[in-house]
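Please look over the model below before reading the notes. They are arranged by topic.

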Amino acid sequence: MATGFVFHELYLWHNTWNWAQFFPPSLTVQPGEHAENPETKRRIRNLIEVSGLLDHLVTLKPRPATEDEIARFHTRMHIADIKAKSDFGYGDAGDLTPFGKGSFEIALLAAGGAIVAVDAVLEGRVKNAYALVRPPGHHATAEAGMGFCLFGNAVVAIEHARAVHAVERVATLDWDVHHGNGTQSAFYADPNVLTISLHQDGLFPTHSGSASENGVGDGLGYNINIPLPAGSGIGAYLAAFERVAIPALMRFKPDFIVVPSGFDGCGMDPLARQMLSSEAYRTMTQMLMQAADQLCSGRIVMTHEGGYSAMYAPYCGLAVLEELSGVRTNVIDPWAERMGLWPGQALQPHQEAAIGRASELLQRIPQ
Ligand code: ZN
């Protein structure tokens with residue numbers, strides 16, 4: 001069965017202005033593009049087309065999410081605030097999250113893109129799907145935007161799956177390099193959604209995402225953070241998958257898996273300090289698909305989050321989509337081999353210790 005692909009040109013029209021205005025006095029920073037600008041996503045989309053892979057994917061046309069669908073997670077006040085600022089032509093959703101005219105409608109289209117991907121997978125029209133949406137979503141909380149995110153696309157998609165498709169147990173595996181704090185907050189007390197986040201320890205939000213944040217009330221045990229030290233490479237990520245993320249999925253037995261997918265863990269990202277190559281993302285996708293095949297007929301939806309290396313993120317995106325679809329193109333990642341030889345790619349003792357601490361949480365998920 002095929003792989004669905006969600007994209008819309010309007011995702012690239014979400015205006016994030018430029019960095020300089022955030023750092024008064026303004027003449028200390030030369031004006032330049034915001035890190036979360038359209039170029040990275042445009043280049044991912046372009047490489048998928050130029051490689052020929054797009055011809056093998058099922059194009060899924062996004063629709064705007066309704067305000068009621070957004071309100072399954074967000075407060076009406078937050079929704080109204082984003083709309084008012086978008087209509088005005090400028091606003092900041094919170095913590096470095098500027099946007100311009102029309103961003104409200106584009107953010108609805110991003111959340112709606114994730115919903116469309118969920119529908120296609122859960123209705124059996126495709127086996128899995130990747131929603132290359134923008135703005136991203138995993139930092140947004142119920143009340144506010146944050147970290148370039150306006151609405152929590154993955155959370156809205158999961159709530160849609162539960163409300164419309166009667167899916168009972170959902171797991172999320174967030175491999176964006178930053179902590180998926182918004183997704184965590186949405187389901188922190190919920191034993192029917194397992195949230196797993198692999199991220200660079202303490203990067204963003206600062207001091208968020210420690211292994212001790214393990215859920216609360218009925219949800220205790222169902223939130224697993226795997227904070228990896230800066231400088232982690234392929235060895236650390238694959239060990240985190242083998243020893244924590246995949247065993248957690250096997251214990252939880254989800255009906256459906258959602259992956260907030262960022263490529264800012266790559267070795268060339270300007271906002272983080274991990275060392276993954278496209279081959280690492282390829283292997284993580286393979287491991288996840290193998291688990292999903294056993295657990296939930298392979299049903300995976302990935303929603304795009306961060307990734308700020310315009311040069312390198314496209315190769316990571318292509319590798320993930322090649323694995324999801326089972327179609328290999330003849331594109332060769334020109335940097336993967338060299339990156340794989342960087343010192344420190346193998347699992348280091350301090351990384352192993354961090355993974356060991358996270359693995360102690362597994363026993364809290366009843367089998
Ligand atoms: Zn990120």
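The notes below cover a metal site, some backbone features and a surface patch.

This is a predicted model, in which local features need pLDDT of at least 70 and side-chain atom pairs count only at pLDDT 80 or more, while totals for chains, interfaces and linings use all residues. Residues are numbered from 1 along each chain as its sequence is written, and side-chain values use heavy atoms, with hydrogens and water left out.

**Zinc site**

- The zinc ion is coordinated by two OD entries of Asp176, by ND1 of His178 and by OD of Asp264, at 2.0 to 2.7 Å.
- Donors here are N, O and S atoms within 2.8 Å of the metal (3.2 Å for Na, K and Ca); water is not among the atoms, so sites may look incomplete.
- Along the chain, the donors of the zinc ion follow the spacing D-x1-H-x85-D.
- The arrangement is irregular because the four donor atoms subtend angles of 54 to 156° around the zinc ion.
- Four donors count as tetrahedral if all angles lie between 85 and 135 degrees; four count as square planar and six as octahedral if opposite donors are over 155 degrees apart and all others between 65 and 115; anything else is irregular.
- Asp176 and His178 are both buried (buried means under 20% relative accessible area, exposed over 50%, and partly exposed in between, with a 1.4 Å probe and protein chains only).

**Cis peptide bonds**

- The bond from Arg134 to Pro135 is cis, with omega near 0°, and Pro135 is found in the loop between strand E5 (128-131) and helix H5 (153-164).
- Helices (H or I, at least four residues) and strands (E, at least two) are DSSP runs, numbered from the N terminus.
- The bond from Phe204 to Pro205 is also cis, with omega near -15°; Pro205 lies in the loop between strand E7 (193-200) and strand E8 (223-228).

- Leu96, not a glycine, has a positive phi of about 65° and sits in the loop between strand E3 (90-92) and strand E4 (98-100).
- Leu96 counts as partly exposed because its relative accessibility is 28%.
- Ser297, also not a glycine, has a positive phi of about 55°, in the loop between helix H8 (278-296) and strand E10 (300-304).
- Ser297 is exposed, at a relative accessible area of 59%.

**Surface patch**

- Trp17, Phe88 and Tyr90 make a nonpolar surface patch of about 340 Å².
- Phe88 belongs to helix H3 (residues 76-88) and is exposed, with a relative accessible area of 67%.

Methods:
Patches are made of residues with over 30% relative accessible area and no salt bridge: like charges are joined within 9 Å, nonpolar side chains (Val, Leu, Ile, Met, Phe, Trp, Tyr) within 5 Å. Accessible areas come from the Shrake-Rupley method with a 1.4 Å probe; for residues, only the protein chains shown count as cover. A salt bridge is a side-chain nitrogen of Lys or Arg within 4 Å of a carboxyl oxygen of Asp or Glu.
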